[in-house]
Amino acid sequence: MPFFTSSLLFFLSIVVLLKSFIEKDEGGDKEPLIMVGGNLQKPLGLVAALSVYTLLLNVFGYLITTFFLISLVLFIFDPNLKNWWKYLVIGAITVSLSFLIFSKWFQVQLPMSVFGIGF
Amino acid sequence: MGVLESILLGFQVSLQPINLFYCFMGVLIGTLVGVLPGIGPIGAMAILLPTTYHAPPISSIIMLAGIYYGVQYGGSTTSILVNIPGEASSVVTCLDGYQMARQGRAGPALGIAAFGSFIAGTLGIVGLMMFAFPLARAALKFGPPEYFSLMVLGLILLSYLAQKSLVKAIIMATLGLILSYIGLDTVSGQVRFTLNITGLLEGIGIIPIVMGLFGIAEILENIEAVITRSIFKTHVKGLLPTIKDWADSIWAILRGTVLGFFLGILPGGGAVLASFAAYAVEKKLSKHPERFGKGAIEGVAGPESANNAATSGAFIPLMTLGIPSNVVMAMLFAGLLIHGLTPGPLLLKEHPDVFWGIVTSMYIGNVMLLILNLPLIRMWVQVLKIPFRFLFPLIILFCLVGVYSVNNSVLDIGLMIIFGVLGYIMRKCDYEPAPLVLAYVLGPMLEQAMRQSLKMSDGSFAIFLVRPISAGCLALCAFLLIMSIMAQVKRKAH
């Protein structure tokens with residue numbers, strides 16, 4: 001079964017590739033291979049923030065990493081530097097509330113820091 | 001057990017306080033998600049799927065189902081008042097609903113959408129009750145070859161109905177199948193496609209996949225541009241439609257219900273297709289088609305009824321054949337499997353309380369939605385004012401904790417982010433994620449059915465062609481593929 005599926009995927013990928021070349025030759029750009037549009041800074045920033053968060057979660061624990069993540073995400077969504085301290089306050093409140101709800105109420109085991117703080 | 005006894009059993013289950021609570025939570029979240037543009041029913045169900053791990057099985061499925069049909073109600077509010085559909089199945093409601101609002105008739109538009117949805121939802125449940133028994137009985141006669149071909153048909157139909165490109169949709173389906181192979185092969189015990197990562201031995205869970213493809217990807221797409229919403233400044237008054245409104249729309253509601261219900265049953269169909277089809281039918285049958293797009297009440301009543309009836313219809317293949325017909329049903333399917341319940345013809349026999357409990361809860365949920373949507377319409381309008389910059393970080397937080405809580409694994413968070421990025425790129429390149437998820441869910445069953453069939457036939461693929469039902473399904477697949485290729489060739493020639 002994996003062989004059949006992979007062969008089909010290979011065949012269809014070739015079809016898409018050829019189709020894009022043929023359409024390019026015809027002068028139209030109806031189906032470009034990669035369609036990039038819009039403002040990419042924010043999505044890239046968010047992905048970077050989430051990737052760093054994943055790497056540091058088990059090191060610094062839920063409270064510390066999530067606090068920084070939420071503050072950073074708020075900043076990414078609305079980069080208004082005048083109110084940066086507001087983001088830190090909102091981040092702290094959100095993380096504390098989420099910790100209470102998930103850890104205490106739903107009994108979810110959230111990751112603990114290697115230093116024993118900020119679980 | 002007769003139908004009446006079954007219904008009574010269902011109400012006995014669904015009227016339990018805990019189930020009423022979960023049903024209420026489901027429809028409330030559903031309406032909220034429907035009202036808020038940016039996150040659809042699939043994203044919401046994906047985010048909430050991990051919470052069902054800690055809830056009783058019936059209650060969690062009741063909640064997930066509540067989200068699904070609650071979204072259809074909520075979606076109409078934004079379509080009518082803001083001209084932004086809360087989700088895809090409410091797109092056509094914008095055409096006439098918003099025009100009605102501009103003419104000062106927002107109240108009757110919202111009213112007929114809610115009543116139409118209620119009538120359709122209720123009749124849809126009656127249909128579900130009528131069709132479930134005979135289909136489940138017929139499904140018991142199905143062997144592995146029939147199941148295999150039926151699942152292939154489901155995947156092809158979903159790809160055929162894909163809005164963008166058939167080839168790309170099939171690519172997504174094959175990718176979904178390949179993802180389902182990751183981990184230990186249940187028959188031979190062989191390790192497949194794990195890249196030597198121990199965490200992948202049990203395969204990739206559905207939660208990181210759907211949360212990434214629908215939750216994270218949707219957020220990534222939405223933060224690219226600032227979404228501006230201007231709520232139509234009108235007092236929403238007189239929600240009860242007049243007698244003339246009723247006379248104009250009652251047949252549209254009934255037609256929409258029947259059409260939506262049957263389109264919902266079809267694999268790959270669902271609420272979106274149903275609402276578009278109902279609008280087209282109403283416009284065609286109308287004596288004054290020129291009124292459509294300028295505030296015709298039938299243009300709101302028909303599609304809104306159809307999308308609700310489709311949600312009931314979509315339960316039929318899942319509950320009777322054990323095959324999810326669309327991606328929302330695939331999520332419910334995953335929800336049932338998490339709790340050790342296998343949807344299919346035996347579910348009706350072995351767990352009638354689950355089946356009838358869910359069916360009757362939908363009826364109760366429809367009543368709750370009517371109460372939630374009509375008197376509280378002003379509250380939902382206020383919800384529209386919540387800024388996205390506060391909403392999206394909360395959704396991200398919910399996704400992160402939700403995906404982590406399933407296995408206490410950081411790997412799952414990483415996978416979710418990878419699928420989020422993949423989903424974002426897929427949207428940019430016109431690849432739809434729905435066939436991927438459906439194929440991923442069907443993958444293990446498809447492989448098992450194929451292996452069993454080949455064992456039955458000593459390795460001969462002819463078994464799929466000599467059994468009539470299986471051959472019929474495969475013939476239909478071939479027909480659909482040929483039709484699609486012919487249509488493309490014709491388009492090119494023009």
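**Entry 1: I42(B)**

I started at I42(B) and listed its contacts. Leaving out residues up to four places away in sequence, I42(B) touches V210(B), F214(B), V327(B), V328(B) and M331(B). This is a predicted model, so I keep that in mind throughout. I42(B) sits in helix α3, residues 41–48 of chain B. Is I42(B) buried or exposed? I counted 26 other C-beta atoms within 10 Å, so I42(B) is buried; the cut-off for that is 20 or more. I also looked up A434(B). I42(B) and A434(B) are 392 residues apart in sequence, yet their C-alpha atoms are 9.6 Å apart in space.

**Entry 2: helix α9(B)**

Next I took α9(B), residues 206–222. How far apart should the ends of this helix be? At 1.5 Å a residue, its 17 residues should span 24 Å. I find 23 Å between the end C-alpha atoms, which agrees. The helix does bend, by about 35° at G212(B). In α9(B), 16 of the 17 residues are buried, so the helix is largely enclosed by the rest of the structure.

**Entry 3: helix α11(B)**

I ran the length check on α11(B), residues 271–285. This helix has 15 residues and reaches 21 Å from first C-alpha to last, close to the expected 21 Å. Which residues of α11(B) are buried? I noted A271(B), V272(B), L273(B), A274(B) and S275(B). Further along, A277(B), A278(B), Y279(B), E282(B) and K283(B) are buried too. The list includes the charged residues E282(B) and K283(B). What do the buried residues pack against? I find four partners in chain B: α4 (57–82), α5 (91–102), α10 (243–265) and α12 (298–313).

An α-helix has 3.6 residues a turn, so residues three or four places apart point the same way.

Where is L195(B)? It lies in the loop between β2 (191–192) and α9 of chain B. L195(B) has 6 C-beta neighbours inside 10 Å, so it counts as exposed.

D458(B) lies in the loop between α20 and α21 (463–466) of chain B. I counted 7 C-beta neighbours inside 10 Å, so D458(B) counts as exposed. The cut-off for exposed is 12 or fewer.

**Entry 4: chain B as a whole**

Chain B comes to 22 helices and two strands. Its C-alpha atoms fill a box of roughly 70 × 60 × 45 Å along the principal axes. How does the radius of gyration of chain B sit against the rule for a compact globule? With 494 residues, such a globule would have a radius of gyration near 23 Å; chain B has 22 Å, which agrees. Buried residues make up 58% of the chain. I also looked at contact range. Of the contacts in chain B with a separation of 6 or more, 80% join residues 24 or more positions apart.

**Entry 5: chain A**

Chain A has three helices and zero strands. From the N terminus on, its elements run α-α-α. Of its 119 residues, 27% count as buried. Residues 24 or more positions apart make up 55% of the chain A contacts with a separation of 6 or more.

**Entry 6: where the chains meet**

I counted both sides of the contact. Chain B gives 33 residues and chain A gives 35. Which elements give two or more residues to the chain B side? They are α8 (166–181), α18 (388–407), α19 (410–428) and α20 (433–456) of chain B. The largest share, nine residues, comes from α8(B). By class, I find 22 nonpolar, five polar and six charged residues on the chain B side.

**Entry 7: confidence**

I closed with the scores. The model has ipTM 0.88 and pTM 0.78. Chain B averages a pLDDT of 83, and 94% of its residues score at least 70. Which elements of chain B have the lowest and highest mean pLDDT? The lowest is helix α17(B), residues 377–383, at 75. The highest is α19(B), at 92.

Key
Residues numbered from 1 in each chain as written. Chains lettered and ligands numbered in written order. Predicted model: local features only at pLDDT ≥ 70, side-chain atom pairs only at ≥ 80, totals over all residues. Expected span 1.5 Å × (residues − 1). Bend = angle between axes of the 7 residues up to and from the residue. Contact = placed C-beta atoms within 7 Å. Rg over C-alpha atoms; globule rule 2.2 N^0.38 Å. pLDDT = per-residue confidence, 0-100.
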